[in-house]
Amino acid sequence: QKIQEDLNKQLFDNIVSFLRRSHSEFQEKTTEWTCRMKSKEIPTAALVLGVNVTDHDLTFRSFSEVLQNNITPYIAFLEAKDCPGIKNLMQKLLGQLMNCYVDVDSSEDEDYVQVSHNRIRCSMTSLINWYEHVTKKTDSETPSKKRTSSSRHWQSPPVVVVFKDMESFSTKVLQDFIVISSQHIHELPLVLIFGIATSPMIIHSLLPHSVSSLLCIELFQSLSCKDHLSTIIDKVLLRASFPFKLGEKVLQVLINIFLYHDFSVQNFIKGFQLCIVEHFCSQPVSVLCCQLVDAKKRADSLSHDQCENIRKLPSFRRYVESQVSEKQIALLTADTYLKEITQKLLEDLHVYHENYLSVLRCLHVFTSFLPKYPLGKQIRELYCACLENQVWETEEYESSLQLARMLNKSDLETMLQQCVEIFVSSSGKEFDNTVEKLKEFLTQFQKLEAEAFQEQDVSVSSQKELQKKTDLYHLQKTLLELKESRRSKKLTKFEMLRFEVVDYIDSLVRNYLVPANHKTLHEIMYFNTASVLREHLNAAPRIALHTALNNPYRYLKNQALKSDEGSISNKAPDICIVYKLHLECGRLINLVDWLEAFSTVVMGAEGPNADAASSDQVDDIIHARFIRAVSELELLGFIKPSKQKTDHVARLTWGGC
């Protein structure tokens, strides 16, 4: 939440500044506002939020708090589903503003507001009368209270109307509201804010020129949802102080859902929270993650069962196999020795993450200077590539190295300077020599620049000497030497230094960006069960529907609904009975036969001694239940009426799930 507030701060500050300008013009009755009054223009902010509609509510909630704290208490949020006509829009608008008025002021005027809301017509005149009343009441307050309120709001704060989903609003509703509002702009400091998910051009698509000319529009663009996600990953996941980590497949599932489904950062965070819950519920030794947060918590508190769970971890088994026989016996039998080794391994794992993230950021700086991005432009793409396998063995990494060997001097110096800053700010203690080495490279580049001027002077003097030589033999010899030097193509000092820098960065990558699954006890911190995550997040409605209709006990947990495989329980809901019977039919289903089979199953509960006098009534009830169940199956898409035979229906689904 803190990160999202920081990301939206610039956007909100710009909108607040826009509202202050619009409002101050109305407050001071300046010439510009007078001109706007004559042209009947309404100050309008076009807020482009992007297609991640599920994140808009949180943005508008934060936006509302900012406006209430800085500009005005009179804010109304309108949605298209609540405003099918201009009358509904005005009712919603007045209702929200009057409730806002009750919340801001004392409750002694609550009766007035409630009575007036019930009696007055929902029109622009009523809105103006209400606004004049509340602003006059503010003016008549005691000086102390007036000073307190004016510190937050202006004396006559604007009325802000936010259309949360402008694309969904009816064109006629928008046109009518804008035309009516423009007629009263000199009486009411109204400001419109259009929440736009697609493009600002939608304003001109929905509104004709005669209406859009009544708006004084200023465009505001929110941060891209991809940049938003990259910031979340960078600030939360890529922190050594946060012990829980996502495996490569799990992170890829969450990113794919983000990129190919909804672009919703909120849904990504919900998926991340689900991973945390699943990890700590399914991994018995995941409690040791807390040790990396609380340094005082020791592994000595482990129970015998937890020690046994550690011994079962695949990475710990590999560690045991790499030890000598005496240590193997101690690790597998002595809990005290195991706790000491576990403590040391967890500390090593923490140091590994600190070093890993520092080198990862350095590599990201390194690849961001390349003309192409074989490893990806965003740090999340680079992080996924490094999680998957040994990144230095991939073709993309080799391509990046080849491109890096062609970087110019200024890019290399900037890159080295940023890497120095990363390693200096790192908490890892192993990078002192690395920092010195990078600074040494920077010094050598500076020396090369000074030597370049000297070589230029030498080359000029050598050319002059060559011109002075008139002897044919010496001239021919000198030209042959120049030709041989060009053939050999000896590397310059700059090229040799550039190769050295690239090779050094490559050595850092090979030493520190080893995949986590090569580390002992990585299972404690990493959640890798992507199949469980897909089961929760990737909906399979057909399988769920088949399971619910074929085995209602799975969801209802009613013991009476338990039945053997292939049998049909007469206790099941009618739609389940009809569904199971329809699975036994072919392409066309005879409704009469289907009804008889349904009646046989249902009547099985009453037995053969049913009252004959009420049989007609029972048949009518069963017939009605059957018709309702068949209609529900048709609604779900399992059957449809057949044109071949009027007393048949066609089956639409085939095969098992």
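Analyst: Gladly; please keep in mind that this is a predicted model.

User: Why is Leu521 called buried?

Analyst: The word buried is used for a relative accessible area under 20%, and the value for Leu521 is 0%, so Leu521 is buried. Leu521 also has a positive phi, of about 70 degrees, without being a glycine, and it is found in the loop between helix H24 (493-512) and strand S7 (526-527).

User: How do you know that the span of helix H11 agrees with its number of residues?

Analyst: Helix H11 (residues 225-237) has 13 residues, which at 1.5 Å a residue should span 18 Å, and because its end C-alpha atoms are 17 Å apart, the two values agree. The expected span takes one less than the number of residues. Several residues of H11 are buried, including Cys225, His228, Leu229 and Ile232.

User: Which strands make up the open sheet, and what makes S2 and S5 its edge strands?

Analyst: Five strands form the open sheet in the order S2-S3-S4-S1-S5, with parallel pairing. Strand S2 (75-78) and S5 are the edge strands, as each pairs on one side only. Neighbouring strands of this sheet are turned by 20 degrees against each other on average, direction ignored.

User: How do you know that S1 pairs with S5 and with S4?

Analyst: Two strands pair if there are at least two bridges between them. Seven bridges join S1 to strand S5 (residues 215-221), and five bridges link S1 with strand S4 (residues 190-196), while both pairings are parallel. As examples, the bridge partner of Pro43 is Cys216 in S5, and that of Ala46 is Phe194 in S4.

User: What makes strand S1 mostly covered?

Analyst: In strand S1 (residues 42-48), seven of the seven residues are buried. Both faces are covered, with Ile42, Thr44, Ala46 and Val48 buried on one side and Pro43, Ala45 and Leu47 buried on the other.

How values were computed. Residues are numbered from 1 along each chain as its sequence is written. This is a predicted model: local features need pLDDT of at least 70, side-chain atom pairs count only at pLDDT 80 or more; totals for chains, interfaces and linings use all residues. Side-chain values use heavy atoms; hydrogens and water are left out. Helices (H or I, at least four residues) and strands (E, at least two) are DSSP runs, numbered from the N terminus. Buried means under 20% relative accessible area, exposed over 50%, partly exposed in between (1.4 Å probe, protein chains only). Axes are lines fitted to C-alpha atoms, for helices over the stretch in contact, and angles run from 0 to 180 degrees between N-to-C directions.
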